[in-house]
Amino acid sequence: MFSRARKTPIAEWWWTVDKPLLAALMLLMTCGMVMSFAASPAVAERLGLSPWHFVIRHALFIIPTIGVLIATSFLTHRQARVAAIAGLAVSIVLLWATLRFGVEVKGARRWLSFAGQSLQPSEFVKPFFAVIGAWLFAESMKRRDMPARILATGLMGLIVGALLLQPDIGQTALVLATWAALLFLSGISWLLIFALAFVGVGLLFGAYMFFPHFARRIDTFINPEGGGNTYQIDKALASLLEGGWFGRGPGESLASKAIPDAHADYVFSAAAGEFGILFCLVLVGLIGFIVVRALVGAQAQSSLFARLAASTLAIQFAMQCGINLAVNLNLVPPKGMTLPFVSYGGTSMIAIAFAMGLVLSLTRARPEERMTTGLPAYRSAMVAAE
Amino acid sequence: MSLASEAAVPTIALEGSRKSRSQLTRARIRWVIFGLILVFGVIAGRLVQLGSVVVETSIEGQTRDAITATRPPILDRNGLEMAVDIRVPSLFAEPRRIIDVEEAVTALRTVLPELDADWLRRRLTGDRGFVWVKRELTPAVADRIFQLGIPGLDFVTESKRFYPGGREASHILGAVNIDNQGIAGIEKNMDDRDVALLQELGLARDRALAPVSLSIDARVQHVMYSELLDTFTRYKAIAAAGVMVDVRTGEVLAMVSLPDFDPNNPASAFELYDGKKDQRFNRITSGIYELGSTFKTVTFAGAIDSGRVRLTDNFDARFGIRFGRFTIDDFHGKHRVLSTSEVYKYSSNIGTIRIMQAMGKDEFRAFLTKLGMDKPMQIELPERRNPVVPEKFSEIVAATASFGHGLSVSPLHMAKAMAAFVNDGMMVPVTLYKRDEAAARPLYEPVISPQTSAQIRYLMRLNAIDGSGSRMDREARGYRTGGKTGTAEKVVDGRYSSSKTLAVFASAFPLDDPQYAMVILVDEPQKETPQSGTTAGWNAGEVTGRIVKRVAPMLGIAPDFSEMLDQALVPASMARAPAPENRLGVPSL
């Protein structure tokens, strides 16, 4: 099947896909499954479900996730663009539809529910926006006459508008950051970058002024003794400390059982109690490897679109992981953000599978590129970089 | 990459050069990689920092693990539960997180009105991270407090020790403190042995531990407990104690000491008894006594085993023996020449001194060492007291020691020696943990010969039929019990008092096939009726008989009234020359 002699699509995929990156992603999913065993039974029991409720569902979600990851990585650049445009259009429509038809959970309308399944469109918007944004930026960089940047900014506005109305500050920030990353990568001047960073700080300050729940979180983070609700993060830190370097062993951690969201946002600290900080360091290393590998792969692409899209997706992944880990370690104020491929949640897992599948597809070694330079793709990239 | 070169980039970009654009994005990606490595580096650094934190796992000085730790259940030899763990919630507060102390105090007192408002207010005010509010609540109360929804209050599930038998085996089981650590008895012993280690390894949390089987028989324990309790009303005793051991395995089947305490409420161990302090200790292991005439059995065993005294020997007991200005005489003495068995039967002090002297005082002292009388008792209880036995015996010390005065040992020392005397001279260390005979045999240590053992059994049984143990035998008819009384005058204000005595009965049964040895103490017994006496046969002896009567059937000993069994106990030397008044030698009653 993988023979080089016959040029089947699968063989071609196998010989061109970034295998270390693929392996790292699979390993991350495996870690997620193992951590689900540690973290979710206590939550399930608390919710009155069978202890293995989340573990089983997590395992069931992993199957389509792997499918989506592999299938997406088969796409060519052109197919990726088409898929992203279609996906973006659908998810923006759904995103706006949540405002009208969404299910209200804890004061926010973020979820659409059909056929018994709930879906969070904002999760899908992010990767598709990254790809389309990258394409628009790449076009605008190639052809000055295209108003592509303005189009991208408009798209961003359309998404951010819906997200703010939901309201969902975390996703808003991620979409804004995606757009900023695109701007940064496309080469705007440092002066503009600092100006935008200043605006970003201003926006945060604005959010602090206008969103009381956001302000409360910041206050509580700065002054944890001030009577704010620090239950979750207290329990998370207790779990991390309880585990020590080597962990308490499977099922032995008591602190992790008290974390309310141990299966979702706080799976990292819950697992720390059982498997220890060394395991967590390995996990952080694995995520770091995925991010850097994807970025290096993106850097090597000769196509501007591929380079921008893959690196933006990698940056999105990195931001999501980074925010989740920082929240778990109480480095930043708590912000609901799932840990890709590890936290429980079907929408998030499949959306991330789309994103990382696109990264895999965009960083595949391309024979056509080899033909133009007469060198392997990475060599031609090196030549171009020199 | 420097900022200077970057500054030139926008102008190049305006020229629309694809080449420099691709160079530029690559450079920017490099910046991104650099930035992200920094972010993940910070995260890893934070993890390392958290890993290096030495966790304060203690709760007000106690380790959290110890509090939530489980203890193994304790079972008696037949698998009955003597101590079990139950899980109970305990309420603690984090004062620094309590928003409104007044509100919390008011709300808490609706559920726990017994808490003092001022105390609670002081407790909940401040910046501490952990204070106990009320430990060991019932689940229902814990639930009501939970429903109050006061922030800063939380529960820890603690293990609480429960003793279904209550006071019955208090001195054996001991007690645990509120942190579930053994503070007395077997509980403390278990901690010292291995539970502490298990808990340290974190293996003893939240899971069932293999139960610990004791040698105690809860039925026998109950009988002994109820019979000894009875002495308080029957004889107006101020204290009573008893111990029964299996002579073949060294297992303790029952051990009672009264007054006692309630292990479910360990503080009761320090309560006053009859207005006096420190009365609730374990008299069997941590009480040492001059055991009086019961000690004569030891003297006889040593003397007969030395070969210098035979049962048929006669000793002059006509006159008291003078030591300087002291004269030692017999209590209700016969004042005639007595045979060895008569000396035992009539409990003659004079005869016993002569027997000891025939053996030699230094040999007698050496025999006590051989029996371990001068060493602390080896038993799995932390409550032990060293015996007081003079290092070297002078003539007079040896003389008084021969009938149990001038040296103090624990009743358990006596029980262990009695067990060896009837068990063919094989002494076995006593234990509170279950042990079978196969495991006990390698521990056997011969202290007297089997022939001597047979003669001691004969003497003990003889004493029960004809001597001071007859009141006991009347109670336990058919169970072939034998033993020796001892009525030791207690030292009051430095002098022996004839009104305050310690009555002791050291026995073994059934003597045709010795299985159990028992020592019973009754402290300061009074006459039961005006007609009865105060010597040990009237109280400690009768108690022994009543216990044997009740426990022997449980232990599988069938009553047998056949006199053949008693006659079989008579040693060959005696059978040839039976003393005329010796019923054992003469078939007729």
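Predicted model: local features only at pLDDT ≥ 70, side-chain atom pairs only at ≥ 80, totals over all residues.
Residues are numbered from 1 along each chain as written, and chains are lettered from A in the order in which they are written. Local features need pLDDT of at least 70, side-chain atom pairs count only at pLDDT 80 or more, totals for chains, interfaces and linings use all residues, and side-chain values use heavy atoms, without hydrogens and water.

Q: How much area do chain B and chain A bury between them?
A: Contact means heavy atoms within 4.5 Å, and here it takes 57 residues from chain A and 39 residues from chain B. Buried area is the accessible area (1.4 Å probe) that two parts lose on being put together, summed over both. Carbon and sulfur atoms hold 64% of it, and the area buried between the chains is about 4,200 Å².

Q: Which residues form the salt bridge between chain B and chain A?
A: A salt bridge is a side-chain nitrogen of Lys or Arg within 4 Å of a carboxyl oxygen of Asp or Glu. The count between the two chains is 1. With the closest N and O atoms 3.8 Å apart, the partners are Asp154(B) and Lys235(A).

Q: Which helices hold Arg546(B) and Glu227(B)?
A: These two residues form a salt bridge, with the closest N and O atoms 3.3 Å apart. Both are buried, that is, under 20% relative accessible area, where exposed is over 50% and partly exposed lies in between (1.4 Å probe, protein chains only). Helices are DSSP runs (H or I, at least four residues), numbered from the N terminus. The pair links parts of chain B 319 residues apart: Arg546(B) is in α20 and Glu227(B) is in α10.

Q: What joins Glu542(B) and Arg546(B) to Arg471(B) and Lys549(B)?
A: Glu542(B) and Arg546(B) meet in a salt bridge of 3.6 Å, N to O. Both are buried, and they are 4 residues apart in helix α20 of chain B, so about one helical turn separates them. Glu227(B), Arg471(B), Glu475(B), Glu542(B), Arg546(B), Lys549(B) and Arg550(B) are joined into one network by salt bridges that share partners.

Methods. Helix = DSSP H or I, 4+ residues; strand = E, 2+ residues; numbered from the N terminus.
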